[in-house]
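Dear colleague,

I am handing over the structure below, together with some notes on what was found in it. Please keep the structure open beside the text while you read.

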Amino acid sequence: MQNQDNELPGPWARVHARFLARYGNVRCEHWSEPLVEIVNGLPFPVYYDDRVLKGFARKAAAALRSICATCGRPGRVRRVGGYMAVACGGCFGKEQMTRQIESLLDECHGEVGDPFDGPKAAWHEHDLPTLLRSAIPAFCWRHTYPPQTGPIRYLTREDVTRLAPWLAKLAVVMAR
Ligand SMILES: [Zn+2]
């Protein structure tokens, strides 16, 4: 979602600029050095000896931690895949969905899992994360009726293969 260099994403850059302007008003001096730096996807205050500047840096970093870096709506710090990011529910959901689709397609192509078992043959509905499960159209599911548990939906490898182009398109749309 974020690049790891110190370029601030758009929504953060706008808020950061407001903090710089506010500092300028308080001190009657123009300051253009960054108040925050991004470390592993999260904003941290840049250290300054000057107490006022230090205060502004701390407040700016704290403010950015509650703003989605992708769209600017209220967000919070979340674990996205292997790293941390500040994201709103919507952007986080899209990101999750994209990852879930990619991992389903990888499973279907036999690119993950035990190489001796070969590609996965079927997906029980509970094998799929909730978000992805709810995106699979109703008519695509097969049904089985074990007497103990009641009806269970599942997809075969053939079904997932047939769904693959549509899922791939969905992943692209979600990643936007
Ligand atoms: Zn967002």
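Let me begin with helix α2 (residues 51–64), whose 14 residues should span 20 Å at 1.5 Å a residue, and since its end C-alpha atoms are 20 Å apart, the two values agree. The expected span used here is 1.5 Å times one less than the number of residues in the helix. Helices (H or I, at least four residues) and strands (E, at least two) are DSSP runs, numbered from the N terminus.

Before going further, please note that this is a predicted model, in which local features need pLDDT of at least 70 and side-chain atom pairs count only at pLDDT 80 or more, while totals for chains, interfaces and linings use all residues. Residues are numbered from 1 along each chain as its sequence is written.

The buried residues of α2 are Phe56, Ala57, Ala60, Ala61 and Leu64. They cover an arc of only 130 degrees around the axis, which puts them on the same side of α2; the arc is that of the directions from the helix axis to the C-beta atoms. On the other side of α2, Arg51, Val52 and Ala62 are exposed. A residue is called buried if 20 or more other C-beta atoms lie within 10 Å of its own, exposed if 12 or fewer do, and partly exposed in between, with C-beta atoms placed from the backbone. The buried residues of α2 pack against α1 (10–27), β1 (36–39), β2 (42–45) and β4 (83–87), where contact means that the C-beta atoms of two residues, placed from the backbone, lie within 7 Å.

Next comes a sheet. Three strands form an open sheet in the order β5-β7-β6, with antiparallel pairing, and its edge strands are β5 and β6 (142–144), each of which pairs on one side only. Two strands pair if DSSP finds at least two bridges between them; β5 and β7 are joined by three bridges in the antiparallel sense, and Ala122 has Thr156 in β7 as its bridge partner.

Helix α5 also deserves a look. In α5, Val160, Leu163 and Leu167 are buried, and what covers the buried residues of this helix includes α3, β5 and β7 (152–156).

Finally, which loop holds Gly118? Gly118 lies in the loop between α3 (89–108) and β5 (122–124), and this residue is exposed because 10 other C-beta atoms lie within 10 Å.
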